[in-house]
Every structure is written in structure tokens, then in C-alpha cells.
Amino acid sequence: MNCEQLAALYEEYALRVLDGEERAELEAHLARTGDKCIQGVSEARWLVAQLAHAAPDAQPPAALRGKILDAVKPTADSSRAVVPLEKPKAPEPRGMFPAWAWVAAAALALITGYTIRQMNNQNAQLAELRKEMKLATAQNQALQNQLDMNRMVAMVMMSPDSVPLKLMPKDSKMPMIHTYLHPHMGVAITADQMPSMPSARTLQLWIVPKSGVPVSVAIFHPDAAGEIALVAPVNMSKNEIAALAVTDEPAGGSPQPTTPIAWMAQVN
Amino acid sequence: MERILQRDSGALETLYDRYGRPVYSLVLRIAQNPASAEEIVQDIFLQLWRSADRFQISRGPLEPWLFTMARNRALDFLRLKREKQRRREDSDSDILPSAVVCPDPEGDIDQSRRAEKIRALMTSLPEPQRRAIELAFFEGMSHSEIAAATGEALGTVKSWIRGGLLRLRESLGEASS
């Protein structure tokens, strides 16, 4: 099937209702072709997501809000009080108990102590396993995120509608940043061999319009390998853009550039 | 999202106040279990907090991105539950949704008006057609699974769903114009 024939299936694909063969055919087509179909699927995803409003209205439990907010507060989770295990009380010495009762009590205390120790060991092992599982899940998630982002960057780069631009560094020792401006998908930026940056600083990409002040598009940081791969939306048509620029800003970015332009590309 | 990137928990609070209820409603409808729905919604917002930098690509249309992630998560939960029952293999999990492009993010109709439109549309659909769309969206069923569940011909199910989605597109198109 060609693009036009498959376009009828975008929404059903986004709904995840297509059966194996149709779905496989569409996915293979999306992998082969460029952004036209992928853009269509993205729009279909938006449409299908609107069906969420058809769910009957339900009030979330009041405690849920607190749980979420507590989890993101750094100190909230870490200081949970540990309740010590209650030690078995030693029997009060009473002359009236026979010797065998003392022996039995001592044996019971030993067995209890041993059982508690075993349980603690098992709990520790379980906690360790949970920690490893969480770590593996987080790593898997990070890889998936990276993959999603790289796909987006590749889509923008390969699109015939994208305009390639070179962000030239003001400092000749710095590498060039490659930029691809797409009319709908935004701007993709890639670079490698970028120097590492302190965590208190960030790079910020700006659109410099033909008239008006620069508009922030994205803040980003080179990864550990000195690479950058990012797609950010651009809410301005190419004709309105005079240039793209990158500045070095405090972590979190700035409303307007606070340092001289470090990289720049003329657009119009 | 910029504020979340700056680790401002107040921003997450604002997001939760705005989207917590519709996201919870959606997840509860799919998972059919309040305790699981609560857990899934908590995961979703925490993931949003942790992966805010990855969200940049979808910064405009946050709501559909969030709904897509909520649906995927809840359907994954449902599948896992079914897997346990049926011992069946199905590992097509898509935790973070791909890009969602809103056709007109800025001039878009507001959330509540759009929600009204969707509800009105679903009510106006003939019962079997509405049921087919609900089975697809809320139960994650494919064409053939819906046909098997409803006892209808596969072609009929396909045309119901296609027609329903077409009406949805038209309805939202009218609403935004």
C-alpha cells in the first residue's frame, strides 16, 4: 500500500486496534518513509488521545496528591523512622520455675533470635533485589527515552522539508552545532565533542526574530560523551526568524540571554 | 514544564491539579481498580517529573501526551493481568508515548469544551458502535478481538471504528473552527 492508502489507517494505528498484518505493514511503511506519514500518525495520536474525555469523571483519592508531592520532595522519603524490632523480654527470675522451664525458655529465645535474624537477612536480600530491579527499570526507561529522542531527531534530519543550518561557534576551539529547522516538527540540534559543562550552567537555544526580543526554544546539556541530540518545538514560521543562537546560561535557563552569543546561525 | 525542569515541585502540583482528575478518570476506567489506578497515576506524574527533559519535544500539547502515556500504562497493567490469567505472550509495551502533534496547539479549543464535545459525540453514536470504540480505547482490544467479543463480523467492527473516528475528527474540527 502507498502513503495515501495507509493514511486511512493512521487513527486506527494510534488507537492500537489494527491486527498483526495491517499493523506490521503500516509500521514497516513508517520505518521506510519519511515524515509525511509520521506527522499524520502523530496527529492521529492527538485525536485518539481525546477519547480519554469519554471516561466517566472520577475524583482521585485525596491522599494521592500528597503522595506524589511527597515523593518529589527530597527529604520527605529519606527520613522514614525505623521501628526497632522489639527484643523478647528476658523472663524475670522467679525462684518458683523449675530448671527445665529455664532451659525451654532459653531454647525458645535462641530459636526466636535465629528466626528474626533469618527474616532480617531475607528482608535485606529482598530490598537489595528490589533496588536492582528499580535500577534496571530506570536504565531501561532511560534507554527508551534516548531512543525516542534519537528517532525524533532522525525524523527531522531526514525530512525533505527541514532546512539544515550550521550554528557556528564564536570560539574556534568549540565544535559546530548542526541544526535542522522543520516547519511543523520544530528544530533538531545535534553535536558531538562538546566540552563538559558544570551542572550550575546550561546551554540555551534562542530564536532571534526579525522583530522583537529573542525567544527561548530549549535548554540543554551535553551528555557524558559530549553529545547533544534534541528536538524542540518552534512556534514561529521560518520567514519570521532572523537567526538561531546559543548562549551559556545559569542552570534552568534565563528569560533573556545574559551572556554573549556562543553559537549562531543566520536563517534569513 | 520549564519549572519542572528546574525541579520546582509547585509546578508539578499545578500540573496535578489541572490534569490529575482526567488522568485518574481515564486510568480508573481502564484498570477498573481504584488501588491500581492510584498507583498508576502516581507513577505517571513521577515519570513526568523524572523525564521532564525528555518531554521537551511535546511541550505544546501536554494533555494528549499525558493521556497517551496514561492509556498505555493502564493498558499495560490490564495486559499483565490478562497475561497472568491466560499465560499468553504479548510484550508490546510502549511506556513513553511517541510524539503527539496537536494540529492547532495554540488556537485549540479549551479542555472542558473539548471534553464536552467528546462526551456528546460518544452519546450520539449507536450503542454497538460506541461499544466497539470503548473496547478499543479502554480495553486495548484489536479489530479481531472486538469482533470475537461482540460476535459481529470483522468488517462491521472495522467500519464502526473507522466511522466513529471520522466523526470524532469532524467533531473536533468543527469545535476548533
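How much area do chain B and chain A bury between them, and what percentage of it is on carbon and sulfur atoms? Before selecting anything, bear in mind that this is a predicted model. Now show both chains together: chain B and chain A bury about 6000 Å² between them, and 59% of that area lies on carbon and sulfur atoms. If you select the residues that take part in the contact, you will pick out 71 from chain B and 53 from chain A.

Next, look at the charged and polar links across this contact. Seven salt bridges are counted between chain B and chain A, and 16 residue pairs, both at pLDDT 80 or more, are in polar contact. To see one of the salt bridges, select A:Glu22 and B:Lys158, whose side chains meet at 3.5 Å, N to O.

Then colour the side of chain B that touches chain A, where several helices each supply at least two residues, among them H2 (9-31), H4 (62-86) and H8 (154-176) of chain B. H2(B) gives the most to this side, with 12 residues. By class, the side of chain B that touches chain A has 35 nonpolar, 15 polar and 21 charged residues.

Finally, turn to the strands of chain A. Select S1 (residues 163-169) and S2 (residues 177-182) of chain A, which pair in the antiparallel sense over five bridges; here A:Lys166 has A:His178 in S2(A) as its bridge partner.

Note on methods:
Residues numbered from 1 in each chain as written. Chains lettered and ligands numbered in written order. Predicted model: local features only at pLDDT ≥ 70, side-chain atom pairs only at ≥ 80, totals over all residues. Heavy atoms only, no water. Pairing = 2+ DSSP bridges. Helix = DSSP H or I, 4+ residues; strand = E, 2+ residues; numbered from the N terminus. Contact = heavy atoms within 4.5 Å. Buried area = accessible area lost by both parts, 1.4 Å probe. Salt bridge = Lys/Arg side-chain N within 4 Å of Asp/Glu carboxyl O. Polar contact = N/O pair within 3.5 Å; in protein donor to acceptor, adjacent residues only side chain to side chain. Nonpolar A, V, L, I, M, F, W, Y, C, P; charged D, E, K, R; others polar.
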